[in-house]
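Student: Please put the model on the screen. I would like to go through some of its local features one by one.

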Amino acid sequence: MEVPTIVEALKATTVMGSQKEALSYLDEASKMIGFLPLLAEISVNQEIEIPVRQAAIIFFKNGIQRGWVVDEEDEKDATPVSEQDKSVIRTKIVPQIVFAPPPIRVHFCTALQNILRCDYPEKWPDFPHLVAALLHIEDANSWLSAFNVSHRLTKVYEYRRQQEKQPMYDFMATVLPLIYVRFQTLVATGTEESAVLEHYILKIFYCLTQFSMNTDLINIETFGHWISQLVRILERPIPSNISERDEEDQAETMSWKCKKWAIKIITKLFDRYGAKGQVEKSYLPYADYYFEHFALPIVNCVLHILQDYASKKFVTERYVFFALSHLADALGHAEIWKVVKPHFNNLVLHVIFPSLCYTDEDEELWETEELDFIRQRHDYFDELHSPSAAAANVLQAGLKRKGVLEEMLQHFINVLNDPNSPIRQVDGALHVLANLMPKLATSRKFKKDVEKLVHMHIIPRLHHENKFIRLHAAFCMKMCDQVSFKHENILKESIEGLMGRIGNGEELLAIKIEAGIAINAILDEQADKAAKYIRPHVRSLLTELFRLLTQTSLDELTNITDSIIETFPEEVIPVAVEVATEIHNLFVKYANQHHDESDAVDEGDAGGEDEEDKTITMIGLLSTLQTLLDLVDDNPEISSKLEPVVFNIVHTIYTSDAFDFFEDAVSLVESVIVKHISDKAWEFYPMIRQKFDMSGPSQYPTLNDYMSCLHSYLTVDTEKFLSLPERSIWMLEMCEATLKNFELDADAHVHAAKLLECFILQCPGRINEFIPNILQVAMNRLQAGHFEETNNELVPQLLVVLIAAMHYNFELFVQSLPSLQPFGMETVQWLFAEIFANKEHIEGIHNRKMILYAICLMLRLPHEHQPPAIANDPKVVASYCLELFDGIDKCLKAIAERKKEDMESSDDDDDDSETDDEHPNRTIDDELRDSDDDIDEGTLEYLEHLNKEEKKESRKRDGTAMTNGNPAEGDGFRSDSEDSEGFHMFQDETDIESYITPIDDEENGLNVYIEFKKSLETLQGNSPAQFTQLTHLQGDEAESLKKLFELCVQQENLMKSLALKKSGGCEFDAAAKVPTSFDFS
């Protein structure tokens, strides 16, 4: 390769018209050894013009990404990087990063990150020393490069589990002390230039500590050193040359970004390692140290930040957010509350309250882009960095303290009472009141008067002329969901006020939506009281909600429609078809937009910006339609009218390959065909086969996704299913393709095997031509391997397929054996050997019954025709049968117990509900005294769980050590933990047992007790010696067999009794003379 030629080709890629030939040449050159190292050299060659160097580094980065490690499936499309080139690149890339200008460096670092992900530490053990060498040099550019590559390494390991982060910790053991030394120097310098380097260090430390902290790497002393530097960043002033700029420019400077990262890290460190009583056991000393040295100084820093914000000094929005977030977390601790308490009122009045008032920006956005205003208001991700949301959290934290609620309430009630209060203050007061509502509703002192507050200050403002006042009045009503309305006229007035906002044709969309959300919140919490006031408006409410959905695509509205449909079935059923039609129209509209946006994106257009939002809304619409179908399940007339709507939507989804909605579409079809299958519903069956990938994993649903649907098609109308042979053929093709596809998980294979069994048992005498092929498919999968060692559900299910064929027609089964590969006529011997070899994997009732049926069938054969596993050791057979019957008994008892528990749980819920009605919102006042810490119960439960898990892991390690120390088998050691590897959990009911077969029918199904009794009677006649061996057991087994015989007789008598009852009972002569005397002697 000639360097000038490569340079010319790279230059040609930047010129229109010559790109195609240049790219073709470079693609060919990329297959040669030395190409990528040469590109790297060109990238840092200062004699070459920048556009060419940029083209070179982009080719280099892409080559690393595609070819450093190449999967087998990508070998045709990517050229692997040779080991020779890899060695050269690893040697040179760090020095090249040092000398590269910023536009080139960023691509070098991306390439380096890919290399580290694959090669560090095994193939690049000296990488830490390369970075450490840069930090020893007194050169800012070398430091910057070292920080850059260190940050890239932490990004590689950032989201890995702690036990997988050891290579990063090893790297940091060498590099972190050097980074800290440089960090000290940079913090002391305090210039905008030094802040560029600080910024990288802060990001490194955040990645290193945000989820877990290695206590060997960062001991308590090191922990304190780092926090000290973070505090200095918070305390130091912004350079004067920065503070003189306009606010927009200031926000983008590194000095402010460093402050933001410093407070962000402190917030995270406090949450994970500094909050006393709420950290993991290993971090308790860190929490004590934090409180002893840093808790109060940092809170004072935060208060200064908020004081500057209140004084209208420039402070970035994100900086204020993290300051408020830290304060909200810290106020639960008594030591910190005592410091903040004297300032809390001022904090509320001058920081929190202004943050909760609407701004000029809010007003402008609502005026010019109402839909954007609505999306921003209901964007939960936006709240993650919103100072307004953080301010509300601080307020909530302060309200837990004794005496705060009363003082806050009085002040803001005064604002609402004062007719001269500015509109923005009234709006902010309503926002504050909304945040007070949950506390007021549960406070022993205030809860009895809350409804008066609602009546006086909130309901009237639902009709206020100012839109923000109406909006926050509706928001207040949402937060009133737990208020105990003793006077139902106030609740009625509240609901009518909200309904008035929704039904007002001139009302703004944002207010209608907020009113709808408020109604739903009240309905969720107080359905018994509120339902009667909403019931008359159900039809108009649903109509308006769908209209709002059409205009805004807000997915939260679909949750409200779901709730309304579930709560008011009697009112919804008469309008179910109208509601379904609205859903259909909306869905098809969005589907067409979704399709157009996808086409625009494929063509390189900038469309599709709202695609994600529409997708969520469309899924919500399908969920609402599902709720509607469940509602009318017992009304065949309305269900039949909904079918065309459902299948039009399903057809839209399938014909447009809208993969995001396939699962929901299948679920809708399942609901429609569970009891009856119309001609329209049968049209979907070919679409299943059409959209079923026969070769490998794809975006299409797999067989376990279709299982319920296919089972219904097979069992609900078997005659119609069998009327077209292709339906059976398609089903068998899908099962066979699934069982051949090892890229699918075991669950898909289990479902395929179960469907084969259901097909056989559901169609007795009707599918003879398919039996040999089904047998071969099952045998092929059994011989292919790829089974899970633990919890192997697949092998038993495949064996049950063979047994189902025996049950279908034993003669046909035997006739199929000569051609059945690989064992031919020996298949039966092999089958029963496998049945006994897989005893521990037989679960549930159904499969145990099938295994017992197979054993009983063999016992009826003459001794010489029985497979060796049955004929040679009768006592083993008897023991296994007892084990299977015992398993069935345990399953039945466990299921009955679970049903009993569910009923008792339901009764308990009812009792709780009654108690709540008698004592609404009954709570114990939980105001914290100044000396109390607020310990979150959820956090304590989580920490307790972690401690338990740690003890379990410890026991496992001890158990492993004991096993390794004494490798002799049969020592009987097993961990007490149920989570121990190898512990076999008894499973009373498997997932696939929900797909019932005729064998599972209680009256007409397979009764294995009677089958066992008849088999033993036959065996006694055919082979007395074998019968004697099988029945003459010792000890507990003898007693169990006796009880089993008694149960078999009981079952036989029960069946006779049921048959007699079914036939009409015994006949008596009505004319017979009744005796006049009776002799009982």
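Student: Where is the place of P822?
Tutor: This is a predicted model, in which local features need pLDDT of at least 70 and side-chain atom pairs count only at pLDDT 80 or more, while totals for chains, interfaces and linings use all residues. Residues are numbered from 1 along each chain as its sequence is written, and side-chain values use heavy atoms, with hydrogens and water left out. Helices (H or I, at least four residues) and strands (E, at least two) are DSSP runs, numbered from the N terminus. P822 sits in the loop between α45 (810-816) and α46 (827-837).

Student: Which residue is joined to P822 by a cis peptide bond, and what is omega?
Tutor: Most residues other than glycine have a negative phi, and most peptide bonds are trans. Here a cis peptide bond links P822 to Q821, with omega about 5°.

Student: Is N114 buried or exposed?
Tutor: N114 is part of helix α6 (residues 102-119). Contact means heavy atoms within 4.5 Å, and N114 touches I64 and Q65, not counting residues up to four places away in sequence. Buried means under 20% relative accessible area, exposed over 50%, and partly exposed in between (1.4 Å probe, protein chains only). Because its relative accessibility is 17%, N114 counts as buried.

Student: What is phi of S553 near?
Tutor: S553 is in the loop between α30 and α31 (556-567). With 10% relative accessibility, S553 counts as buried. Its phi is positive in a residue other than glycine, near 60°.

Student: What is the relative accessible area of D657?
Tutor: D657 lies in the loop between α35 (636-655) and α36 (662-673). D657 is not a glycine, although its phi is positive at about 50°. D657 is partly exposed because its relative accessible area is 27%.

Student: How far apart are the end C-alpha atoms of α27?
Tutor: The expected span of a helix is 1.5 Å times one less than its number of residues. Helix α27 (residues 488-503) has 16 residues, so it should span 22 Å; the distance between its end C-alpha atoms agrees, at 22 Å.

Student: What covers the buried residues of α27?
Tutor: The buried residues of α27 include I490, L491, I495, L498 and I502. The cover over the buried residues of α27 includes α25 (450-458), α26 (467-479), α28 (509-525), α29 (527-534) and α30 (538-552).

Student: Which residues does L861 touch, not counting residues up to four places away in sequence?
Tutor: L861 lies in the loop between α47 (845-859) and α48 (868-871). N1022 is 161 residues away along the chain, yet the C-alpha atoms of L861 and N1022 are separated by 8.1 Å. With residues up to four places away left out, L861 touches F810, Q866 and N1022.
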